Amino acid sequence: MSALLTKLALLFTLIYAATSSCTPSDLAALLAFKSSLNEPYLGIFNTWSGTNCCSNWYGISCDPTTGRVADINLRGESEDPIFEKAGRSGYMTGSINPSICKLDRLSTLILADWKGVSGEIPGCVASLSNLRILDLIGNKISGKIPANIGNLQRLTVLNLADNGLTGEIPASLTALANMKHLDLSSNKLTGQLPADFGNLKMLSRALLSKNQLSGAIPNSISGMYRLADLDLSVNKISGSVPGWIGSMRVLSTLNLDSNMLSGQLPASLLSSTGLGILNLSRNAIEGNIPDAFGPKSYFMALDLSYNKLKGPIPGSLSSAAYVGHLDLSHNHLCGPIPVGTPFDHLEASSFSSNDCLCGNPLRTC
């Protein structure tokens, strides 16, 4: 009998969720969210009418079992027919209303690439314990990243790039143990990377370029065994380039250009069999280029330009399996340019503004 009652209750729940409007609290929260935003060209909020926010409200989806709002997916750049019909990308102004925090079953919050959404990220967003994706890229959001962002233990994607965020990276961020994608690039963030940044063991992409971050590269990053893409370019990162970076097995892209790095170039970076893109340009790295390339070296791009490197171009570079783009310009290199691959397809700009390099494609020795 109890089993029958359980089945009837489940059936009633499913029927209710499929036929009824969304909950009054979710409806009120969404309408308050809408009231703080202005989207004048596409008319996406014109679909937000009636009492059933789970049906035909643009960008809104609900859990079919509970009828609660689960996803807000509003992108200002999309291939959706509404954009093709308008013949333009989206533009939206206004701010994120704290009422969003009343949607306590929300798993996705995407308000991306609208160019004009401003104000701060409501601190209460950190209370949305079911949130898995928070994507606010491409707006004019200011203020600080919520201090308690680390409470979002289910978060896998945090994308706050291309905004005007200030302050330091919150210490709690390193508690996001399930995060796989972090993009904080093109903001105004200051301070150092948290020393325990390496606690983000699941992270595959750490994109932090074009900020004002300072200090050394934390040693804890060496334990991030899933990290494939690390971009700290265009910051104020100082100290030397750690040798352990070349031993990170999954790392394939390393962008550290336009910082304040000094010291010598670790041989492990050049002998790495995993790194495919290495950009250390516009720093103050000195000493010789290590003669550490081998037949498994495969660089789609290798940029060491605008440093203080001296001595010859290592002959082992010609033994690399592949080197696509190579830039050694604006250093203090000297001696003959090796012959053969990859040098036979490179232009003079790859070697210009050095002390005394010679040979093809420069002047003869």
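Visitor: What is the torsion about the S-S bond of Cys334 and Cys356, and is the disulfide left-handed or right-handed?

Guide: Bear in mind that this is a predicted model. A pair of cysteine sulfur atoms within 2.5 Å is taken as a disulfide. Cys334 and Cys356 meet that rule, with an S to S distance of 1.5 Å. The torsion about their S-S bond is about -110°, so this disulfide is left-handed.

Visitor: Which strands hold Cys334 and Cys356?

Guide: Cys334 belongs to strand 21 (residues 332-336) and Cys356 to strand 22 (residues 356-358), so the bond ties together parts 22 residues apart in sequence.

Visitor: Are Cys334 and Cys356 buried, exposed or in between?

Guide: The label follows from relative accessible area: under 20% is buried, over 50% is exposed, and partly exposed lies in between. Cys334 has 31%, so it is partly exposed. Cys356, with 28%, is partly exposed as well.

Visitor: How far apart are the sulfur atoms of Cys358 and Cys365, and what is the handedness of that disulfide?

Guide: The sulfur atoms of Cys358 and Cys365 lie 2.0 Å apart. The torsion about the S-S bond is about 100°, so the disulfide is right-handed. As for cover, Cys358 has 8% relative accessibility and counts as buried, whereas Cys365 has 64% and counts as exposed.

Visitor: What can be said of the disulfide between Cys22 and Cys53?

Guide: The distance between the sulfur atoms of Cys22 and Cys53 is 2.0 Å. With a torsion of about 140° about the S-S bond, the disulfide is right-handed. This pair links distant parts of the chain, 31 residues apart. Cys22 sits in the loop between helix 1 (2-19) and helix 2 (24-35), and Cys53 in the loop between strand 1 (37-38) and strand 2 (60-62). Cys22 is buried at 3% relative accessible area, and Cys53 is buried at 0%.

Visitor: How many disulfides are there, and what is the pairing of the bonded cysteines in sequence order?

Guide: The count is five disulfides. With the bonded cysteines numbered in sequence order, the pairing reads 1-2, 3-4, 5-6, 7-8, 9-10.

Visitor: Turning to helix 2, which of its residues are buried, and where do they fall around the axis?

Guide: An α-helix has 3.6 residues a turn, so residues three or four places apart point the same way. In helix 2, the buried residues are Asp26, Leu27, Ala29, Leu30 and Phe33. Looking down the axis of helix 2, these buried residues fall within an arc of 165°, so they line one face. The face turned away from that buried side carries the exposed residues Pro24 and Ser35.

Visitor: What covers the buried residues of helix 2, and how many residues does the helix have?

Guide: The cover includes strand 1, strand 2, strand 3 (69-75) and strand 5 (108-112). Helix 2 has twelve residues, and it reaches 16 Å from its first C-alpha to its last, close to the 16 Å expected at 1.5 Å a residue.

Visitor: What does the chain look like as a whole, in secondary structure and in span?

Guide: Its secondary structure comes to four helices and 22 strands, and the C-alpha trace spans about 90 × 50 × 35 Å along its principal axes. Of the 365 residues, 50% count as buried. Among contacts with a separation of 6 or more, 51% are between residues 24 or more positions apart. The accessible surface of the chain is about 16200 Å², with 53% of it belonging to carbon and sulfur atoms.

Key
Residues numbered from 1 in each chain as written. Predicted model: local features only at pLDDT ≥ 70, side-chain atom pairs only at ≥ 80, totals over all residues. Heavy atoms only, no water. Helix = DSSP H or I, 4+ residues; strand = E, 2+ residues; numbered from the N terminus. Buried < 20%, exposed > 50% of the residue type's maximum accessible area, 1.4 Å probe, protein only. Expected span 1.5 Å × (residues − 1). Arc of directions from axis to C-beta. Contact = heavy atoms within 4.5 Å. Areas by Shrake-Rupley, 256 points an atom, 1.4 Å probe, with all protein chains shown as cover.
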